[in-house]
Structures are given as structure tokens and as C-alpha cells.
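Good morning, and thank you for coming. I should like to walk you through one structure, so please keep the display in view as I speak.

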Amino acid sequence: MANLPSPVSCVPRHVAIVMDGNGRWAKKRHLPRVAGHKQGVDALRRTVRACLERDVQVLTVFAFSSENWSRPEDEVSGLMNLLVMALSREVPKLSKNGVRLHFPGDSHGLSSRVLQGLQKAEQTTVHNQKMVLNVCFNYGGRWDIAQAARQLVAQGREITEEGLCETTALAHVGDPDLLIRTGGEMRISNFLLWQCAYTELFFTPCLWPDFDAAELDRAFADFAGRERRFGQTSDQLTMTQSGASPHA
Ligand code: IPE
Ligand code: IPE
Ligand code: MG
């Protein structure tokens with residue numbers, strides 16, 4: 001893929017997205033909800049391409065939450081089928097474009113057909129280095145913190161912040177710089193609870209199937225104007241940027 005110049009000056013290294021609004025997109029068109037999820041796959045394809053063009057290093061998307069099991073059975077099975085189909089169709093192209101896939105989430109409860117699809121996609125793309133795509137599937141922030149704590153206990157380690165950073169499900173990529181949620185809701189819905197401690201948040205009413213590069217650029221332009229203070233004062237940041245010690 002061509003290495004196009006970034007259209008905004010400050011591209012986040014790691015972007016996370018809550019891809020919400022598929023059902024409402026379908027309802028507006030008197031279509032079944034699963035038709036919205038199908039369009040959602042197209043929106044994800046566009047977004048991956050746009051992120052590659054803008055040199056985003058890591059894209060982490062929320063595809064199925066721990067709570068989504070409580071949806072109607074036919075919607076849940078529709079989402080499982082869509083995942084398996086999308087993987088078999090998209091992985092070769094993703095791999096050609098240098099995308100490495102991961103599927104953070106709880107493997108318990110997933111069928112062997114789904115698990116095989118996830119494992120194959122991870123194996124096929126293991127050597128790719130242009131961008132990491134984390135598709136969070138059967139993921140919940142509370143599950144993640146609990147499983148990380150269990151790992152530390154099993155290793156006989158103390159439960160510390162550093163330990164949890166090493167064992168939570170995004171340890172391989174670090175924390176997101178920007179979290180985008182489409183669909184207009186202003187909540188986290190049990191996504192990356194541990195990892196979003198200092199992530200910049202961007203909420204848009206745009207429904208996920210309508211999301212495109214222009215909407216991504218709006219989020220990036222907004223991000224570029226944020227001052228990330230990490231607890232410091234604005235003056236301290238200015239001093240640090242000009243080379244002075246913040247403790248002076
Ligand atoms: C997000 O879209 C996709 C999943 C949760 C799998 P929704 O299906 O939640 O769409 P809305 O919120 O009902 O419009
Ligand atoms: C969050 O969307 C989960 C995903 C996008 C996969 P939901 O639609 O499930 O969130 P709530 O239930 O409205 O908070
Ligand atoms: Mg929703």
C-alpha cells in the first residue's frame with residue numbers, strides 16, 4: 001500500500017474504536033439488524049485502509065462484548081458467522097498489507113469453529129509489521145482485569161500496576177492514545193477499562209456503517225488539538241517541551 005502523507009499533523013499511535021450503531025443503521029432502512037453488522041464489516045475494511053494510509057501503528061476495535069451474549073440468539077449466531085466469513089475473506093488482503101491480527105478476549109464460550117478461525121488468522125499474520133489490528137471479541141474490561149490478576153496469582157507474583165500492565169490483554173501494544181465511539185452513546189460499555197486511564201475520548205453520532213476516512217480525520221484533528229497533561233499543569237508541559245525541568 002502507498003505510503004501517503006498524513007492529512008493531519010498529529011496522528012495517534014494507537015487508536016481504539018467502539019464500533020456502535022449497526023442495529024440503528026439497519027432499522028432506519030427497515031432491514032434486519034444483521035444487515036447493519038454486514039455493513040459494519042465494510043466500514044471496518046475502510047477504516048483499516050485509512051489507518052494504514054495515515055501510519056497508525058495499532059488499531060483496536062470492539063467487535064463483541066462479554067455482554068453481547070444477551071442479545072437474541074439469531075443475532076449472536078449471525079455475528080459469529082459474520083466473523084468467520086469476514087476472516088476467511090479479509091485475512092489474505094490484510095496480510096498482504098502488513099497487518100498483524102490479534103483477538104483479545106475470553107476464548108471460553110466460543111465455538112471450536114470460531115476459535116480455529118481466530119487462531120488461523122493470528123498464525124497467518126504473525127510476521128506482519130506495518131500495523132497491529134486487535135479485534136476484541138468476547139471481550140470485557142472487567143474480565144480483562146480479573147484474568148490479568150489471576151495470571152499474576154498463578155505466577156506467585158504480587159498484584160501491582162506494572163504486573164497488570166504486563167498481563168492485561170493489550171500488553172503487546174500498550175494503551176490507546178485515542179478512543180472513538182460511534183453511534184452517539186457516551187459510555188465505555190466495559191471496553192478497555194484498565195487501558196483507557198489516560199486515553200483521549202472522541203464521541204460521534206455517526207453510525208458505524210457510515211464511518212469513513214473523513215470522519216476518522218475529524219477525530220484525528222480533534223485529537224491533535226488536545227493537551228495531554230497526564231496530571232501535570234499546562235505550564236509544566238510548556239517547560240518540558242522547551243527543555244526545562246518540570247521540577248525546577
Ligand atoms: C454495534 O452495533 C455492534 C455490536 C455490538 C456487535 P449495535 O448492534 O450495538 O447497534 P445499535 O447500538 O443497536 O444501533
Ligand atoms: C458496545 O456496544 C459493544 C460493541 C460495540 C461490540 P453495545 O451496543 O453493546 O453497548 P451498550 O449495550 O449500548 O452499552
Ligand atoms: Mg449498540
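This is a predicted model: local features need pLDDT of at least 70, side-chain atom pairs count only at pLDDT 80 or more; totals for chains, interfaces and linings use all residues.

Pro-92 lies in helix 3. In sequence, 32 residues separate Pro-92 from Thr-124, yet their C-alpha atoms are 8.4 Å apart in space.

What span should helix 3 have, given its 24 residues? Helix 3 covers residues 73-96, and at 1.5 Å a residue it should span 34 Å. The C-alpha atoms at its ends are 35 Å apart, so the two values agree. Just after this helix comes Gly-98, with a positive phi of about 80°.

Asp-55 has a positive phi of about 65°, although it is not a glycine. Asp-55 is found in the loop that runs between helix 2 (33-53) and strand 2 (58-65). Its relative accessibility is 37%, so Asp-55 counts as partly exposed. Phe-230, which is not a glycine either, has a positive phi of about 45°. The loop that holds Phe-230 lies between helix 7 (213-224) and helix 8 (234-241). With 47% relative accessibility, Phe-230 too counts as partly exposed.

In what order do its six strands lie? The order is 3-4-2-1-5-6; the sheet is open, and the pairing is parallel. Strand 3 (99-102) and strand 6 (200-203) form the edges, each pairing on one side only. On average, neighbouring strands of this sheet are turned by 20° against each other, direction ignored. As a general point, strands of a sheet pair through backbone hydrogen bonds.

Strand 4, residues 131-139, pairs with strand 3 in the parallel sense over four bridges. Within that pairing, Val-99 stands opposite Met-131 of strand 4, and His-102 stands opposite Asn-134. Strand 4 is also joined to strand 2 by seven bridges, again running parallel. There, Leu-59 has Leu-133 of strand 4 as its bridge partner. Is strand 4 mostly covered or mostly open, and how many of its nine residues are buried? Strand 4 is mostly covered, with nine of its nine residues buried.

Not counting residues up to four places away in sequence, Leu-133 touches Val-48, Leu-59, Val-61, Val-99, Arg-100, Leu-101 and His-102. Leu-133 also belongs to the largest nonpolar core, which has 41 residues. The members that touch the most others there are Ile-17, Val-48, Leu-59, Val-61, Leu-101, Leu-133 and Ile-180. Helix 3, with which we began, gives this core its largest share, seven residues. In soluble globular proteins, nonpolar side chains tend to be buried together.

To close, I would ask you to look once more at two places on the display. Thank you for your attention.

Conventions. Residues are numbered from 1 along each chain as its sequence is written. Chains are lettered from A and ligands numbered from 1 in the order in which they are written. Side-chain values use heavy atoms; hydrogens and water are left out. Helices (H or I, at least four residues) and strands (E, at least two) are DSSP runs, numbered from the N terminus. The expected span of a helix is 1.5 Å times one less than its number of residues. Buried means under 20% relative accessible area, exposed over 50%, partly exposed in between (1.4 Å probe, protein chains only). Two strands pair if DSSP finds at least two bridges between them. Axes are lines fitted to C-alpha atoms, for helices over the stretch in contact, and angles run from 0 to 180 degrees between N-to-C directions. A nonpolar core is a set of buried Ala, Val, Leu, Ile, Met, Phe, Trp, Tyr and Cys residues joined through side-chain atoms within 4.5 Å. Contact means heavy atoms within 4.5 Å.
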